[in-house]
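Take a look at the model below. This report walks through a few of its side chains and strands.

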Amino acid sequence: GNPIEPMFTLQFNGNRNLSRGTDYTVEYSNQINVGTATVTIHGAGNYTGSVSSDFQITKRGITDGTRINVPTSQDYTGEQIIPEVTITYNNTTVSSDNYELSYGENTKVGTNAGSVTIKGKNNYEGETTVTFTINRRNISVGDYLRVTSIDGPGGTEYDFIHGQLEELYYRYTGQDIRPGFQ
């Protein structure tokens with residue numbers, strides 16, 4: 001994550017605001033991850049000495065101000081669909097060390113038929129599930145379907161989609177010819 005640097009006002013004798021960089025400098029330590037962080041103020045200019053104070057960084061809810069990006073739809077594949085998930089907070093990608101993903105069955109076509117569950121860990125906590133649509137696959141687009149006859153000429157396989165029709169022949173038998181398909 002990004003460094004956490006709390007804003008504060010520093011006053012002298014309760015009535016004069018001091019200027020950062022002129023009257024004092026600030027140093028932080030351990031201010032990125034959950035736990036105890038420290039701010040140290042060092043006098044500058046007319047001021048000297050140092051004072052330190054601890055502050056706590058607590059876990060953020062996995063849905064608290066984050067943006068969880070999962071594609072809204074995926075095409076059917078015949079296998080479990082595992083969509084790409086990205087999580088951002090303040091336009092910065094959240095490290096995958098801060099969450100675990102688990103997936104639903106994600107094999108059936110339908111609206112909200114797919115799901116991914118995000119569970120916070122390390123600097124994040126909580127859990128949420130995001131659903132997505134699994135679209136029917138259009139078999140006429142792309143290279144997704146292969147129809148092969150197992151009883152083509154000479155008992156060899158024949159690819160009906162990529163082969164040429166005139167290459168396929170069957171001997172006349174006087175009965176309906178129905179190629180066997182795989």
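Tyr-24 is buried in this predicted model. Its relative accessible area is 5%, and the cut-off for buried is under 20%, so Tyr-24 falls into that class. Tyr-24 sits in strand β3, which covers residues 24-29.

Tyr-24 also has a ring partner. The whole structure holds 3 aromatic pairs. In one of them, the ring centres of Phe-8 and Tyr-24 lie 6.2 Å apart. Their planes meet at 35 degrees, so this pair is tilted. The pair links distant parts of the chain. Phe-8 belongs to the segment before β1 (11-12), 16 residues from Tyr-24. Phe-8 is partly exposed, with a relative accessible area of 30%.

Next come the charged side chains. Side chains of opposite charge can pair when their charged atoms come close. The count here is 3 salt bridges.

| Arg-16 | Asp-23 | 3.8 Å |

How accessible are the partners? Arg-16 is partly exposed at 40% relative accessibility. Asp-23 is buried at 7%. Arg-60 is partly exposed at 26%, and Asp-64 is partly exposed at 44%. Lys-108 and Glu-105 are both exposed.

Strand β11 spans residues 99-103, and strand β12 spans residues 110-120. The two run antiparallel, joined by 5 bridges.

Which residues does Gly-35 touch beyond its neighbours within four places in sequence? They are Phe-55, Gln-56 and Ile-57. Gly-35 lies in strand β4, residues 35-43. Ile-57 is 22 residues from Gly-35 along the chain. Even so, the C-alpha atoms of Gly-35 and Ile-57 are separated by 5.2 Å. Gly-35 has a relative accessible area of 21%. Buried requires under 20%, so Gly-35 counts as partly exposed.

Terms used. Residues numbered from 1 in each chain as written. Predicted model: local features only at pLDDT ≥ 70, side-chain atom pairs only at ≥ 80, totals over all residues. Heavy atoms only, no water. Phe/Tyr/Trp six-rings, centres within 6.5 Å; stacked < 30°, edge-to-face > 60°. Helix = DSSP H or I, 4+ residues; strand = E, 2+ residues; numbered from the N terminus. Buried < 20%, exposed > 50% of the residue type's maximum accessible area, 1.4 Å probe, protein only. Pairing = 2+ DSSP bridges. Contact = heavy atoms within 4.5 Å. Salt bridge = Lys/Arg side-chain N within 4 Å of Asp/Glu carboxyl O.
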